[in-house]
Every structure is written in structure tokens, then in C-alpha cells.
Amino acid sequence: MNVREIAFHSLLTICKDDGYSNIIVSQTIQKYKFTDRDRRFYTELVYGALRNLNYLDWIISQLSTRKLNKLDPVCLAIIRLGLYQIFGMTKVPESAACNESVKLATHFGNKGMAKFVNAMLRNSIRHQQEFTIPSLEENPRLHISLTYHQQEWLVDKWIHEYGQEDTVTLCQYFDQIPDLCLRTNTLKINRADLIKILSQKGITAEAGIYSPEAIYIRDMPGIDHLGVLEQGLAIIQDEPSQLVAHVVDPHPHDMVFDVCAAPGGKTTHIAALGGSSCIVYGGDIYDHKLKLIEGNAKRLGLDNVRPLLQNACTIGQSYAEKADRVLVDAPCSGLGVLRHKIDLRWRKTPSDLRTLPALQHRILENASQCVKPGGILIYSTCTINNDENAKIVNAFLRDHPEFYIENACAYCNIAQNGPFIQLLPQRDQMDGFFIARMKKGE
Ligand SMILES: C[S@@+](CC[C@H](N)C(=O)[O-])C[C@H]1O[C@@H](n2cnc3c(N)ncnc32)[C@H](O)[C@@H]1O
């Protein structure tokens with residue numbers, strides 16, 4: 001199979017079957033053992049087409065009267081990939097983009113599909129000048145949406161909340177390709193030594209600013225080339241997410257409940273910071289996800305992690321007042337980390353935002369019952385949606401005078417007034433994140 005064919009299959013699976021792009025891309029890279037050049041071409045094709053999906057679909061809608069959802073998914077994936085090569089990859093000759101796409105349509109579709117693909121792509125080249133995105137003044141919502149690749153309803157929401165200028169900055173941030181961030185496993189190595197090892201492998205690695213364990217990999221190599229992951233010297237975890245364990249601030253002999261824990265990024269971090277006598281229960285509602293926690297703990301050399309199959313909405317009944325610290329890293333809309341989730345950004349719906357706060361409220365309410373008198377409760381999300389953040393915590397504190405808020409910023413190197421940590425990409429040039437720390441009275 002050639003690289004375009006493999007990229008077409010990946011894009012089809014991601015779009016048609018709602019596959020996770022990061023999982024599909026990394027499994028495909030492992031399966032085909034690409035050369036460096038092919039790996040770059042493959043990832044550029046898949047991630048590029050996905051990132052530009054709404055722009056590519058906007059072009060398709062101008063070239064054809066057929067509604068997008070009426071197009072055969074195979075045909076749609078081939079056209080999207082072809083258009084991305086024409087409009088997004090200057091090094092690919094237009095003729096190659098057309099010819100290779102027609103070959104794919106002949107092979108995986110039929111003659112009629114091949115004819116349609118050919119007409120669409122050649123017309124797109126002929127009419128290239130006509131696909132000018134409306135200016136910011138003419139149509140701010142469509143301009144921002146097509147230029148920076150976000151859904152229009154989200155752009156609308158942000159313009160309403162932050163104003164036009166900040167929405168542009170926010171969407172520009174989300175449109176960047178993120179550097180890979182690692183968390184040093186301080187049980188095995190310190191950060192400076194790990195940076196040295198990476199540099200010796202020819203990888204540009206730099207220390208993060210806010211988390212003492214964070215390392216950024218600037219020129220993203222194939223993840224398998226790193227080796228340091230298999231050896232358990234590090235784990236992939238974004239810097240804002242690394243702050244949470246510091247705000248939890250585990251102590252030796254603590255019992256910690258991380259009630260929404262899979263795949264275990266924060267569980268394993270808390271376990272490493274707390275030391276071997278600090279026992280960390282990593283709870284999740286999905287059995288298959290517990291294996292991820294277990295695998296990560298094993299790889300990192302931690303024997304104080306206990307995976308726990310448990311619904312966080314009912315955990316309080318089973319473990320009332322048992323824990324010194326409870327972390328609720330709630331399921332959320334993920335609106336702070338859209339740089340990383342280039343497929344999820346197209347799947348978000350307004351109804352997600354409406355339904356999540358009730359679940360978050362229920363989880364926080366129930367998990368808080370596990371906190372011992374004098375214990376600590378932490379609530380975190382990777383969203384910038386206020387309804388899932390400060391509003392949830394403030395409502396909880398109103399109903400629970402036995403808990404009082406502490407200054408989360410005091411536990412890490414974040415220069416905010418507190419008491420919450422709220423990272424906003426348009427202001428902080430970091431992924432959006434929220435952390436609140438509460439203490440239960442004695
Ligand atoms: C934001 S992710 C957690 C990420 C994790 N803390 C980490 O750092 O790797 C939320 C997790 O909550 C789990 N979850 C969702 N609803 C849950 C529930 N009712 N009880 C327990 N876990 C739940 C999901 O399966 C998901 O793994």
C-alpha cells in the first residue's frame with residue numbers, strides 16, 4: 001500500500017467510525033514501520049486534512065450541489081484528502097494530487113466515483129481564486145471559523161464571552177501544532193538528566209516553566225524513537241495537567257482517591273510525589289480503562305497505585321470519610337485542549353455543554369463524601385467553559401459550608417490571584433485548564 005492509500009483509510013475510519021485520530025495514527029505508524037519521510041507525509045496528510053476539515057468542506061459545498069452528508073463516505077474522504085494536498089501542501093504538485101485521488105476512487109469506489117472525484121478536484125484548481133474566505137469585517141463568525149478551523153457555534157459562543165479580538169487569539173492558539181510534553185518520572189531520573197539523554201539522541205528538549213517535571217520536545221520525532229517512554233523515564237502529559245498533582249500535594253501515608261483517573265496521568269504523578277507509603281486509588285467507571293492505569297503505573301515503577309472500578313457518582317457510599325485527599329478530574333468538554341484534539345473539535349455539540357455540568361455536579365457532590373475531616377478535595381477540568389468550572393465549585397461551596405476554598409495557585413508556579421487556577425489560552429498562551437482546592441473542616 002502506498003502512503004496516500006494508508007492515509008485515506010485512516011481518515012475514513014476517523015470520520016466515518018468516529019475513531020480517535022491519535023490512536024489510529026500511532027497504531028498505523030507502528031503497523032507500517034514507515035521511513036521518516038513517509039511517516040511525516042502520512043501524518044501531514046491525516047492531521048492536515050482533519051485540521052482543515054471545515055475549510056475543505058466549505059470548498060466542497062461550493063463545488064457541488066450535493067449535500068455533504070449525501071456523499072459516499074469513501075468518496076468524501078478521497079476528496080478531502082485530495083483538496084488538502086491542493087490547498088494545504090504546497091510541495092505536492094496539483095496533478096499528482098488529482099491523479100492519485102482518482103486512482104484511490106477507482107480502486108476503493110467505482111468508475112462513477114472516479115469521474116466525480118476528478119471533476120471536483122480539477123474544478124477546485126480552476127476556481128482556486130474564488131475560494132476566498134469572507135473578511136473579519138464582512139462575517140466575523142465565518143472568517144474565524146474557516147481561518148482557524150473551529151466550529152461556527154463555538155466561535156459564536158466565544159465572541160459572546162470574550163469579544164472578537166480575544167476569540168481570534170484563542171482560535172489562533174488552538175490552530176497551532178502543539179509540542180509534545182513529557183512529565184519526568186522523578187522516581188527514576190531527574191529532569192536535567194533526562195533532558196541530557198534526549199539531547200544525546202539529537203532531540204531538542206527544553207524544561208517547562210510551570211511544572212518542575214515538564215519537558216517539551218520541540219522537533220517532534222516519531223514517538224517510538226524516544227525509548228525513554230518504554231523505559232519508564234517519562235510519560236506523555238501536558239504541562240497544565242501536571243500542575244494538578246502539585247495542587248493535590250500528597251504526603252507520605254496519605255490515602256488518595258483519584259475518582260476519574262484513566263488513563264492515570266494524574267494518578268501516577270500523585271503516587272510519585274506522595275512516595276511509596278502514599279496509596280493512590282485510581283477509580284474509573286470503565287473496566288477496560290483500568291488496564292491503562294495499571295500499565296502506566298507498572299511502566300513507571302510505581303507499586304502504590306490501586307486501580308478501582310467505581311462510579312464516581314456513588315463512590316461516597318462505599319468510602320465515606322476514608323480519604324485524606326480526593327481528586328475529581330471531571331469528564332468535561334475539553335474546550336481548553338482543542339489544539340490536541342483535532343478530531344474531537346468537530347464532534348463537540350452544544351448539547352455536550354448543556355449536559356456535562358449536571359454530571360460534574362453529581363460527581364463532585366458524591367466524591368466529596370470520601371474526604372476525611374481535615375482532608376482535601378480538588379476539582380479540575382481541561383475546559384475554559386465557566387459552567388463546568390467556577391460555577392460548579394461555587395455552587396458546591398454554597399451547599400457545603402463544611403468545605404472552604406484554598407488558594408490553588410500557592411501550590412505551583414502560577415502567578416494568578418486565585419483562589420482558582422484558570423488558564424486561558426488567549427491570555428496565558430497555555431492550554432485551558434481549571435483547578436480548585438478545597439479543605440474540609442476538622
Ligand atoms: C478527564 S478524564 C481523566 C483523565 C485522568 N485523570 C488523567 O489525568 O489521566 C475523565 C475520566 O473520567 C471517567 N469517567 C467518566 N464518568 C465517570 C464516572 N461516573 N465515574 C468514574 N469515572 C468516570 C472517564 O472514563 C475518563 O477516563
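Leaving aside its neighbours within four places in sequence, which residues is Ala 261 in contact with? They are Thr 267, Gly 282, Gly 283, Asp 284 and Ile 293, with contact meaning C-beta atoms, placed from the backbone, within 7 Å.

## The model

This is a predicted model, where local features need pLDDT of at least 70 and side-chain atom pairs count only at 80 or more, while totals for chains, interfaces and linings use all residues. Numbering runs from 1 along each chain as its sequence is written.

The protein chain averages a pLDDT (the predictor's confidence in each residue, from 0 to 100) of 95, and 99% of the residues score at least 70. For the complex, the predictor gives an ipTM of 0.99 and a pTM of 0.92.

## Around the ligand

The ligand has 20 residues around it, with Cys 260, Ala 262, Gly 265, Ala 312 and Asp 329 the closest; a residue counts as near if its C-beta atom, placed from the backbone, lies within 6 Å. Two elements, α13 (265-274) and β6 (279-284), each give two or more residues to this shell.

## The listed binding site

An unreviewed UniProt entry lists a "binding site" that includes Cys 260, Ala 261, Pro 263, Asp 284 and Asp 329; such annotations may be inferred rather than shown by experiment. The listed residues span 70 residues in sequence, yet no two of their C-alpha atoms are more than 12.8 Å apart, so they gather at one spot.

## Two loop residues

Ala 261 sits in the loop between β5 (255-258) and α13, and Pro 263 is also found between β5 and α13. Ala 261 is buried because it has 28 C-beta neighbours inside 10 Å; the cut-off for buried is 20 or more, against 12 or fewer for exposed, with partly exposed in between. Pro 263 has 20 such neighbours and so counts as buried too.

Conventions:
Helices (H or I, at least four residues) and strands (E, at least two) are DSSP runs, numbered from the N terminus. Two residues are in contact if their C-beta atoms, placed from the backbone, lie within 7 Å.
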